[in-house]
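Hi there,

Here is the structure I promised to pass on to you. Have a look at it first, and then read my notes below.

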Amino acid sequence: MQHDAHTEHTEHSHHETHAHHETHAHDMGGASWSMAAQATLHCLTGCAIGEVLGMVIGTAFGWGNVPTMILAIVLAFAFGYSFTLRGVLKAGVDFRTAFRVALAADTVSIAVMELIDNGVIVLWPDAMDAGLADALFWFSLAISLVIAFVVTTPVNKWMIGRGKGHAVVHQHHH
């Protein structure tokens, strides 16, 4: 009899927990387009800083396209993660947890953004050979980042609506 009571309590707790997660995801703004756009813009900022810095460094050292692009991608991830890490640390979370939150929040978003951004640059005629002083370099980079933003925003909306991505960050801010 005591076991039956425990089983009912466990099943009841499981349903409450499941309902809490659904409610929490809904409380996250129901994964609104505005929330998704803000998360994507946050990600885009780090990506853009990393991309430009990588291109500047690669160009300054006279590196070829592949090593320059690799550096730009690595820096895009580093800056993207660091922005999230800074915000989560400000919320009073320890570094190890904050680092895990940043990885969970940004990995898919940055990966999609980098895939699209670099894909556009690679496919754009002459963009890979444009130097920092060329308008084509800046124009193609700007357009590639806009396209990456447009493609990544629905991904972030989908993830936030399921309690993933930047929804993980919001759990530490409230």
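**A bent helix**

Helix α5 bends by about 30° at Thr-152, with a proline, Pro-154, following within four residues. The bend is the angle between axes fitted to the seven residues ending at a residue and the seven starting there. Helices here are DSSP runs (H or I, at least four residues), numbered from the N terminus.

Please keep in mind that this is a predicted model, where local features need pLDDT of at least 70 and side-chain atom pairs count only at pLDDT 80 or more, while totals for chains, interfaces and linings use all residues. Residues are numbered from 1 along each chain as its sequence is written, and side-chain values use heavy atoms, leaving out hydrogens and water.

Back to α5: Thr-152 is one of its buried residues, which also include Phe-137, Leu-141 and Ile-160. Buried means under 20% relative accessible area, exposed over 50%, and partly exposed in between (1.4 Å probe, protein chains only). After α5 comes Gly-163, whose phi is positive, near 75°.

**The whole chain**

How many helices and strands are there in the chain? You will find six helices and zero strands. Of its 174 residues, 34% count as buried. Residues 24 or more positions apart make up 69% of the contacts with a separation of 6 or more, a contact being heavy atoms within 4.5 Å.

One more residue to look up is Leu-89, which sits in helix α3 (residues 65-90). Leu-89 counts as partly exposed because its relative accessibility is 33%.

Enjoy exploring!

Conventions. Helix = DSSP H or I, 4+ residues; strand = E, 2+ residues; numbered from the N terminus.
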